[in-house]
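Subject: Structure handover

Hello,

Here is the structure for you to look through. Please open it first, then read my notes below.

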There are 2 protein chains.
Amino acid sequence: MTIVYAAIVCGLIAVAYGIITSMQVLRAPAGNEKMQDIASAIQEGAKAYLGRQYTTIAIVGVIVAAIVFFTLGGLSTVSFLIGAILSGIAGYIGMNISVRANVRTAEAARTSLQGGLTLAFRSGAITGMLVAGLGLLAISGIFWYLTGPSNLQPGDHKVVEALTALAFGASLISIFARLGGGIFTKAADVGADLVGKVEAGIPEDDPRNPATIADNVGDNVGDCAGMAADLFETYVVTIGLTMVSIALLLPNVYNLFQLMTLPLIVGGVCIITSIIGTYLVRLGSKQSIMGAMYKGFWTTVILSIPAIFFATQHVLGDMAAPIQAGAISFTGAKLFWCMMIGLAVTGLLVWITEYYTGTNYRPVKSIAKASTTGHGTNVIQGLAISLESTALPTLVIVVAVVATFQLAGIIGVAFAATSLLALAGMVVALDAYGPVTDNAGGIAEMAGLPDDVRHRTDALDAVGNTTKAVTKGYAIGSAALAALVLFGAYTTDLGRYQTELGIGTIDFTLSNPYIIVGLLLGALLPYLFGAFGMTAVGRAAGSVVEDVRAQFAADKGIMEGTSRPNYARTVDIVTRAAIKEMIIPSLLPVLSPVAVFFIIQAVAGREQGFAALGAMLLGVIVSGLFVAISMTSGGGAWDNAKKYIEDGNYGGKGSEAHKAAVTGDTVGDPYKDTAGPAVNPMIKITNIVALLLLAALAAHGAG
Amino acid sequence: MTIVYAAIVCGLIAVAYGIITSMQVLRAPAGNEKMQDIASAIQEGAKAYLGRQYTTIAIVGVIVAAIVFFTLGGLSTVSFLIGAILSGIAGYIGMNISVRANVRTAEAARTSLQGGLTLAFRSGAITGMLVAGLGLLAISGIFWYLTGPSNLQPGDHKVVEALTALAFGASLISIFARLGGGIFTKAADVGADLVGKVEAGIPEDDPRNPATIADNVGDNVGDCAGMAADLFETYVVTIGLTMVSIALLLPNVYNLFQLMTLPLIVGGVCIITSIIGTYLVRLGSKQSIMGAMYKGFWTTVILSIPAIFFATQHVLGDMAAPIQAGAISFTGAKLFWCMMIGLAVTGLLVWITEYYTGTNYRPVKSIAKASTTGHGTNVIQGLAISLESTALPTLVIVVAVVATFQLAGIIGVAFAATSLLALAGMVVALDAYGPVTDNAGGIAEMAGLPDDVRHRTDALDAVGNTTKAVTKGYAIGSAALAALVLFGAYTTDLGRYQTELGIGTIDFTLSNPYIIVGLLLGALLPYLFGAFGMTAVGRAAGSVVEDVRAQFAADKGIMEGTSRPNYARTVDIVTRAAIKEMIIPSLLPVLSPVAVFFIIQAVAGREQGFAALGAMLLGVIVSGLFVAISMTSGGGAWDNAKKYIEDGNYGGKGSEAHKAAVTGDTVGDPYKDTAGPAVNPMIKITNIVALLLLAALAAHGAG
């Protein structure tokens with residue numbers, strides 16, 4: 001039990017880091033009155049949106065909690081609520097820091113680049129540590145309560161169900177937050193760009209554009225709060241479900257308790273290495289911002305290697321002692337190597353994403369070059385890159401699956417996913433830095449700060465584009481590994497509940513046509529979901545365009561700079577649109593598994609229902625992995641191709657090539673920030689709903 | 001054997017129809033000298049391109065034939081060559097008629113809409129009947145030779161191998177022709193549009209645009225020759241592999257020979273109903289061109305119902321007699337219903353495609369509306385529609401799979417695919433009509449024919465956009481069904497060759513990680529292939545733009561209409577680019593299955609190699625279905641959104657909305673005509689290579 005306590009302590013340290021660093025950030029000077037005015041408009045908008053979003057989610061959450069209560073009982077309901085509430089808290093606090101750090105970063109950038117970098121990064125690190133810390137506290141807290149005071153066996157089905165319900169709570173919030181925030185941020189961004197940059201010919205973040213505050217609000221509710229909820233979900237699902245898989249696959253192993261605590265302590269020690277890493281994000285002599293980020297990131301990775309080794313050795317004792325259960329046999333050393341593979345996957349995914357979205361490499365340059373022949377060729381090349389960018393991550397994941405499976409079976413895959421996710425604190429820090437600097441640039445522009453300040457904030461912001469893409473690649477990569485583990489849990493659960501469910505062995509072979517049917521229906525989900533997301537952004541952005549055009553037409557003074565546009569009206573329009581548009585698509589992955597099971601059960605019997613449902617879980621990842629990677633990497637590449645041209649290539653700002661690149665960037669926006677990243681929680685929620693459906697059916701007998 | 005003879009006779013009737021109708025078409029007046037000049041430039045360009053394309057393919061073909069000879073022997077090599085050569089012939093003749101019918105259609109349109117329609121449609125019907133007729137002749141000819149003069153049993157493995165090799169030959173040519181032609185046509189089209197419509201502000205097909213002849217050549221080599229090769233492949237693979245599946249799955253059934261001839265005679269009678277249908281394509285009182293097309297199409301569908309019924313009854317005798325082999329049991333009546341499901345799928349896919357690409361419905365209108373807010377929102381909405389358009393076809397296919405499987409197992413699925421493909425003659429006729437009218441419009445414009453002629457050719461052309469999209473949806477839908485049948489053949493073959501291959505039972509369950517690995521690698525193929533196709537078009541179109549810009553700059557007289565541009569230079573540039581760009585992507589699906597098998601075999605043993613390879617075959621269809629449908633429907637919708645605006649909506653031609661719609665159309669071009677349709681042969685070739693690899697490994701022992 002000391003291991004669990006140690007994990008809880010690590011979680012508390014992360015939360016303490018968050019509190020202390022928050023105080024540091026808030027103590028920094030908040031700029032002149034004009035800057036504070038703008039910042040408070042952003043704060044109000046963000047708060048208003050998040051308030052409405054959480055109210056809406058709460059209604060859905062209460063309904064789902066009631067369903068969970070009546071089908072799975074009180075313990076699962078409490079776990080579900082803990083997951084849901086903590087996910088909301090992580091996003092809410094992160095966003096609150098972010099909307100205060102933005103103006104302080106702009107102020108700090110007045111004096112030095114390092115000052116701005118430190119403030120923005122620290123603010124991101126607060127979100128990062130809260131995500132990892134609260135996630136770890138939730139899992140280890142529940143595990144401690146059930147195996148300690150409640151005196152349950154670690155492999156008891158109540159432990160399994162509680163951890164699954166915790167993951168479900170986190171996932172449910174996360175899909176709404178990711179999608180709602182994603183729709184908000186991109187509707188505002190696309191709308192502002194179309195009507196500002198393209199039609200009116202005014203720069204980004206120009207205070208005359210009525211949509212500019214909405215755009216800055218969007219960065220916070222989408223890229224900060226939405227992303228934090230997403231990564232919280234990914235963390236809880238991966239680490240929690242690794243423990244569940246151990247319980248399900250190795251029920252009779254002699255050191256079950258130790259094995260189940262290993263993911264907890266790995267998460268714990270990596271929080272410590274992540275905190276150390278955050279202090280190393282410092283500019284070197286070359287003043288490279290990306291270099292500073294990498295310094296922190298690689299420090300964390302390298303420190304995590306011995307940390308994971310000693311943690312594993314401490315938990316398992318003899319690293320060479322065989323751990324055997326049925327057909328599965330491995331050693332502590334092999335588990336350690338699986339976790340090293342997880343770290344290697346993290347590094348490779350970061351590197352591949354940077355290649356596909358960084359301005360120094362072929363993909364982005366090819367899109368920039370294609371812009372010289374027009375809007376059409378820019379988009380064609382961008383789509384080509386987005387399709388291509390799926391190849392290397394897929395190969396990395398395939399190699400990791402083969403290698404970890406050879407080392408320790410499906411448990412090996414699970415531990416690779418765990419070590420991948422253990423670095424979440426650091427990765428989220430890199431990502432949450434993005435909206436802060438994006439906002440800082442906006443505030444600098446709107447407040448009319450000198451050009452050199454805007455140069456510094458622009459430099460900080462450009463790096464944010466790449467780090468944001470990196471996190472998405474990382475999240476979806478982990479989803480692929482996690483989905484395999486979840487499928488393993490599903491099949492094991494089916495075996496365990498055979499009697500209760502009144503079924504025989506399920507035919508999961510590919511020649512069963514219901515498997516094909518399940519694979520096809522699963523593969524359809526990311527497409528349909530992506531279609532909803534893209535349509536929502538297009539529709540909401542269209543209403544922004546119309547509102548801004550109306551404001552310009554009604555008051556000529558806005559464009560002349562003599563009247564102040566009605567920022568709040570635009571924020572309100574986007575808010576209502578985003579809330580309305582997020583509901584149906586978010587329910588799609590929740591309801592589809594249930595519908596597919598019952599329809600196929602009605603047509604071909606219960607066993608084929610479970611077969612089709614299982615195949616659906618894999619179909620959704622087989623297609624979702626590609627949809628998500630192509631959208632997030634492609635979108636990042638489009639964005640940076642525009643930046644590359646703005647840096648003075650192919651005619652620079654205002655050239656025809658630039659206009660084409662702006663179109664590409666606009667197309668990439670909902671790709672990379674709405675539809676693409678929301679696929680990650682979507683995949684997990686489909687899987688978790690299937691697990692819970694199974695538990696609910698088992699609890700209510702052979703139907 | 002009389003059934004086989006009857007099928008051969010039907011095939012000959014189709015060829016005779018082609019010859020007689022060709023003579024009719026060629027007898028029509030070919031217009032004035034200027035029109036004939038333009039037409040002969042198109043003819044020369046098309047001939048030059050196709051000559052070079054077939055030379056290049058022939059080199060690859062000879063190498064592959066040598067490999068087939070040394071691994072599988074002489075019979076397979078001959079079959080392979082028959083498939084390859086007939087595929088080439090179908091495309092070559094079709095294109096030769098098409099480049100002569102174009103100018104005659106323009107001439108006929110001078111007097112009446114019906115005249116133009118009849119000529120264009122008859123010319124398309126020639127290609128259609130040649131595709132179906134030559135396909136049927138090849139299959140029934142080989143089957144007759146082997147079971148007649150060579151005295152082999154219908155289920156002999158030599159028959160199976162010969163039919164598989166025939167399909168391989170057709171597929172190999174088809175992927176090159178589809179992709180090479182697709183790159184040519186879209187590079188020319190995109191390049192011409194970008195530099196003509198967008199930059200120089202001159203209309204489509206303006207004779208001052210140096211790329212305009214290349215654009216018209218492209219319609220013929222891509223939409224006619226490439227499409228014909230593709231559908232020939234689809235026809236041969238589907239009908240041939242249905243016979244193979246019967247031989248593999250029901251080796252000991254009492255009426256094996258009858259069952260194997262049933263697909264042949266179904267193909268035969270549907271050629272007759274298709275020919276009847278072609279004579280009913282006539283304008284009614286409403287002068288609706290699409291209505292005329294539908295009259296012919298639905299006549300064919302309705303006549304095919306009794307035709308298939310009587311053919312089945314004639315071949316099998318008692319429709320209620322149970323046909324049993326192992327676990328599979330069905331009756332003739334059930335097979336008939338499976339084929340009716342195939343016809344229903346055809347009708348539904350046509351209807352869904354029309355919904356997603358027709359100007360009367362929500363999807364196209366939504367893209368047109370989104371164009372009013374800019375290039376970016378047009379592309380976003382187009383991508384949303386392209387993602388959404390996958391849903392209904394997937395559901396139709398899923399329902400068809402479930403229903404036919406419940407009726408008659410995997411054989412039922414195969415017969416549904418057969419009846420779907422039996423209508424290929426009619427469907428190809430509808431499609432091959434497209435490039436003729438597209439060219440006719442171009443010739444009318446370039447030859448300066450009066451406006452009312454151009455109006456008629458435009459009206460004919462608009463329908464061609466929808467019929468072209470319909471064929472692609474049809475082809476990929478059939479590919480989904482065919483892929484299931486092919487996978488069935490693969491697993492059965494594995495069982496049959498167990499001893500020769502030195503393997504036990506293969507673990508095809510989803511919990512085997514090598515199955516996941518195979519699914520992921522298979523799913524990657526359409527993405528990578530799509531990336532190659534899109535990049536190729538972007539790159540080749542870029543060189544067209546540069547060439548045209550150079551021509552405009554070098555001779556001011558071109559834009560003033562006083563000098564003639566160097567059309568041949570642009571054609572040559574596109575030719576070289578297309579040939580160069582088609583090779584690597586076409587080899588991807590040929591080499592990948594072999595590479596995956598040998599790599600996984602090396603890592604995890606032969607059995608896992610076969611497991612991963614099998615999963616790859618399903619992965620490629622699970623992801624390819626979505627990639628192909630989204631690309632072809634999305635592209636068609638973009639194209640018609642532009643047409644919808646050109647019809648006077650949202651400001652009409654020249655408006656900002658129109659410019660945005662032109663961008664969308666440009667993006668949709670390589671989607672719908674290069675990358676998307678080539679996914680169909682790609683899926684099949686992956687499957688066939690796997691079957692042949694298996695046969696080759698079995699022939700060379702337990703390695």
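Helix H9 of chain B gives the largest share of the lining of the second largest cavity, namely four residues. Keep in mind that this is a predicted model.

**The second largest cavity**

Stay with this cavity for a moment. Its volume is about 80 Å³. H9 covers residues 332-357 of chain B. Along with H9, helix H19 of chain B supplies at least two residues of the lining. The lining includes B:Leu349, B:Ile352, B:Thr353 and B:Tyr356. B:Ile629, B:Thr632 and B:Ser633 are also among the lining residues.

**The largest cavity**

How many cavities of 30 Å³ or more does the structure hold? There are 16 of them. The largest has a volume of about 190 Å³. It is lined by 16 residues, and the closest to its centre are A:Leu387, A:Tyr527, A:Tyr671, B:Leu387 and B:Tyr671. Both chains take part in this lining. Helices H11 (375-388) and H19 (606-646) of chain A each supply at least two residues, and so do H11 (375-388) and H19 (606-646) of chain B. Twelve of the lining residues are nonpolar, four are polar and none is charged.

**Helix H5 of chain B**

H5 runs over residues 157-200, which is 44 residues. At 1.5 Å a residue, H5 should span 64 Å, and its end C-alpha atoms are 62 Å apart, so the two values agree. H5 has a kink of about 30 degrees, centred on B:Asp193. Is H5 enclosed or open? Of its 44 residues, 39 are buried, so H5 is largely enclosed by the rest of the structure.

B:Asp156 caps the N-terminal end, with a side-chain oxygen 2.7 Å from the backbone nitrogen of B:Lys158. Just after the helix, B:Gly201 takes a positive phi of about 70 degrees.

**Helix H20 of chain B**

H20 covers residues 656-699, again 44 residues. Where is the kink in H20 centred? It is centred on B:Lys672 and comes to about 35 degrees. In H20, 41 of the 44 residues are buried, so the rest of the structure largely encloses this helix.

Best wishes

Key
Residues are numbered from 1 along each chain as its sequence is written. Chains are lettered from A and ligands numbered from 1 in the order in which they are written. Side-chain values use heavy atoms; hydrogens and water are left out. On a 1 Å grid over the protein atoms alone, a cavity is a set of points where a 1.4 Å probe fits but cannot get out, and a pocket is an open set with protein on both sides within 12 Å along at least five of seven lines; lining residues have an atom within 4 Å of a point. Grid points are joined across faces, edges and corners, and a volume is the space filled by probe spheres set on the points. Ala, Val, Leu, Ile, Met, Phe, Trp, Tyr, Cys and Pro count as nonpolar, Asp, Glu, Lys and Arg as charged, and the others, Gly among them, as polar. The expected span of a helix is 1.5 Å times one less than its number of residues. The bend at a residue is the angle between axes fitted to the seven residues ending there and the seven starting there. Buried means under 20% relative accessible area, exposed over 50%, partly exposed in between (1.4 Å probe, protein chains only). A polar contact is a pair of N or O atoms within 3.5 Å; within protein, one must be able to donate a hydrogen and the other to accept it, and residues adjacent in sequence count only if both atoms are side-chain atoms.
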